[in-house]
Amino acid sequence: MAEQPVVEVRGISKHFGKGPTRVDALRGVSLDVYPGTVIGLKGPSGSGKSTLLNVIGCILEPSSGSMRLNGELVYDGKWLRADLRGLRLEKIGFIFQSHNLLPFLNAWENIAVTRILAGASPAQARIRAVELLTYLGIERRKDAMPGELSGGEAQRVAIARALANDPRIILADEPTAALDSQRAATVMDMLRKVAAEHRSAVIVVTHDEKIFDRFDHIYSLRDGALEPPAGAAAATPVLQ
Amino acid sequence: MNLALKDISHNLGRFLLTCLGLSLLLGIVLAMVGIYRGLVVESLGLVRAAGAQVWVVEGGTRGPFAEASRLPGDTREAIAAQWGVASAGGVSYQNIEAQHRGQTTRLMVVGAQIARPGEAPPVVEGRPILRSRYEAVADRGAGLALGEQIRLGRDTFTVVGLTSGLVASGGDPVIFITLRDAQKLQFDLAPAAARREYVRSAGATGTTDTVNAIVVRLLPGVDANRFAQDIVRWKHLAALTQDDQETVLARSVIDRARRQIGLFTSLLLTVSTVIVGLIIYTMTIDKKKAIATLKLIGAPDRRIVGLIVQQAIAMGVISFVAGAALIGAGHGYFPRRVVLEPADSLALFGVVMVACLLASGLGVRTALKIDPASALAG
């Protein structure tokens, strides 16, 4: 039996303002992302990449359409869950451009906090944090504060934090923007590994052409509309 | 994992420095309350030292502390002869400036009769006044040593005993001498012209024997209020019970100081609240990205509110404890007595906690308005 998509976006539109000041940030975007795949979203500034990421991340309410995350219909003309933060905690991991580690927590605490927010005990959360740091190869830096970590190490801790609650969806906003080519490639390899081993759907917003070869598919957004991946539509499990 | 404590320990130096500043403010607030309590204790100390149950004063006055009161000295005999009186003594009070060790010292001179109500309370060093002339019992606050001599008016007095913590409502240390010496001192200190008039009028009747009040102790079972009412019938006399006297003193002498100190204390607490509010607000602004990230990854609002409120409370607790410790250690160096009562400290602690909660409101409001999407912005 064919696998179900982890992210199903159908006809999502989002506009800001009314009348002559109305801006259509997203126009009828449909997108399926399957487990184990890493897709890229590219496009010029203002094309709607971040808006789409915010919508899939349940941070921004669309104007119309429907959305299913990990099989659960979460939006259909309106949010179907009141506790969107709980939904994010449970289903989505976020990776940011500038890692966004909490500056007052060390590496393992930054990972553990996500687990604790989801209801785990501090002891369980610590065990999970160290497991993830080991998995990503930076266990020896578990007690380092964010300011003591290199850019690559910090981004790996951020990836570990995104994985803390075993989410099926990982949203990454320009995760390699602040890294050199080598570290950017390492981070992308890490995301591919996570997608493959955790059967997660990874959506990456990027401008970084150096990493385009690391994606299963790359989508372009232009004026709020999603263009199909060049030459890949038929062969890919990612559908528009 | 307590995020508030983690954040505090991350910025420990800045947090403690802020607490230090706030602790000085709260220490001053505590000192103000202590100064007020000290003022009450000091003011009532002299009234209570007399050991009176009833104060007989000049008719139509509420003397001798709130208003001037003058009575013929022989009124004491008339009062002492009343039914129910155990003992009665004439007392006089006057503020003077005396030269002592080359410096001018302000003193409250109390003239009292030996072994009668109104005389000096038990001494902590030396002995009570036993001779009818030129002996004094001084409070330690006057800076006089046992056996030391001090010139008051035209006469020199030897300090034979010392009391402790006995000052007038103005803060002047008290020195007890005999009533006879005090009456002479009053006469000696009057300007020459006044003295001449005094001799011409009062001298014609052959007396300078006046007192400011008669201090009365009653026999057991005699009602002080009833006795005071009986005395008032004499028209030219007024009488106040000890409770009345303390109330009058509290209202007329202490009340304005209480309001002044109360106002100042309120202002300081308001300033402290504003400072806590601004600091917490600044700390929240500094954490804007961290808060947005926490919201984005799914932290509920109560976690965010807890982070800010706990920091405000921690700031209040640390500052209060440091301020209280500072004043506790330094209250002996204040020129006026500072009385620190646990109940006052507890009440102030409660006020500080409420102030911290109020002050954290601005930070909480700011934090709750932070858009989680801002965590995604570069």
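Modeller: A definition to start with: a polar contact is a pair of N or O atoms within 3.5 Å, and within protein one of them must be able to donate a hydrogen and the other to accept it. Please also keep in mind that this is a predicted model.

Colleague: Thanks! Which backbone oxygen does the side chain of A:Arg88 reach?

Modeller: A:Arg88 sits in helix H2 of chain A. Its side chain comes to 2.9 Å from a backbone oxygen, and the cut-off for a polar contact is 3.5 Å. The residue that supplies this oxygen is A:Cys58.

Colleague: Is A:Arg88 buried or exposed?

Modeller: Residues under 20% relative accessible area count as buried. A:Arg88 has 3% relative accessibility, so the class for A:Arg88 is buried.

Colleague: Which residues is A:Arg88 in contact with, leaving aside neighbours within four places in sequence?

Modeller: Within chain A, the partners of A:Arg88 are A:Gly57, A:Cys58, A:Ile59 and A:Phe94. A:Gly77, in comparison, is eleven residues away along the chain, with 19 Å between the two C-alpha atoms. From chain B, A:Arg88 is in contact with B:Lys295, B:Leu296, B:Ile297 and B:Pro372.

Colleague: Now the whole interface. Which residues of chain A lose the most area to chain B?

Modeller: The contact draws on 25 residues from chain A and 24 residues from chain B. About 2300 Å² is buried between the two chains, with 68% of that from carbon and sulfur atoms. On the chain A side, three residues together make up 31% of what is buried, and they are A:Arg85, A:Phe104 and A:Leu117.

Colleague: What does A:Arg85 form a salt bridge with?

Modeller: Two salt bridges are counted between chain A and chain B. In the one made by A:Arg85, the closest N and O atoms are 2.7 Å apart, inside the 4 Å cut-off for a salt bridge. The partner of A:Arg85 is B:Asp301.

Colleague: Which element gives the most to the side of chain A that touches chain B?

Modeller: Across these chains, eight residue pairs are in polar contact, counting pairs with both residues at pLDDT 80 or more. Helix H2 (84-91) and helix H3 (107-117) are the elements of chain A that give two or more residues to the side touching chain B. With seven residues, the element that gives the most is H3(A).

Colleague: Let's turn to chain B. How far apart are the centres of domain 1 of chain B and domain 2 of chain B?

Modeller: Chain B is divided into domain 1 (3-43 + 254-375) and domain 2 (46-252). Seven residues of domain 1 are in contact with 13 residues of domain 2. Taken over C-alpha atoms, the separation of the two centres is 47 Å.

Colleague: Which residues of domain 1 of chain B lose the most area to domain 2 of chain B?

Modeller: The area buried between these domains is about 700 Å², and carbon and sulfur atoms give 43% of it. Three residues of domain 1 account together for 59% of what that side buries, namely B:Glu42, B:Ser43 and B:Ile254.

Colleague: And which element gives the largest share of the side of domain 1 of chain B that touches domain 2 of chain B?

Modeller: Between the two domains of chain B, zero salt bridges are counted, and one residue pair is in polar contact with both residues at pLDDT 80 or more. The elements giving two or more residues to that side of domain 1 are helix H2 (12-49) and helix H7 (242-286) of chain B. The largest share, three residues, comes from H2(B).

Definitions and conventions
Residues are numbered from 1 along each chain as its sequence is written. Chains are lettered from A and ligands numbered from 1 in the order in which they are written. This is a predicted model: local features need pLDDT of at least 70, side-chain atom pairs count only at pLDDT 80 or more; totals for chains, interfaces and linings use all residues. Side-chain values use heavy atoms; hydrogens and water are left out. Contact means heavy atoms within 4.5 Å. Buried area is the accessible area (1.4 Å probe) that two parts lose on being put together, summed over both. A salt bridge is a side-chain nitrogen of Lys or Arg within 4 Å of a carboxyl oxygen of Asp or Glu. Helices (H or I, at least four residues) and strands (E, at least two) are DSSP runs, numbered from the N terminus. Domain bounds come from an automatic or database domain assignment. Buried means under 20% relative accessible area, exposed over 50%, partly exposed in between (1.4 Å probe, protein chains only).
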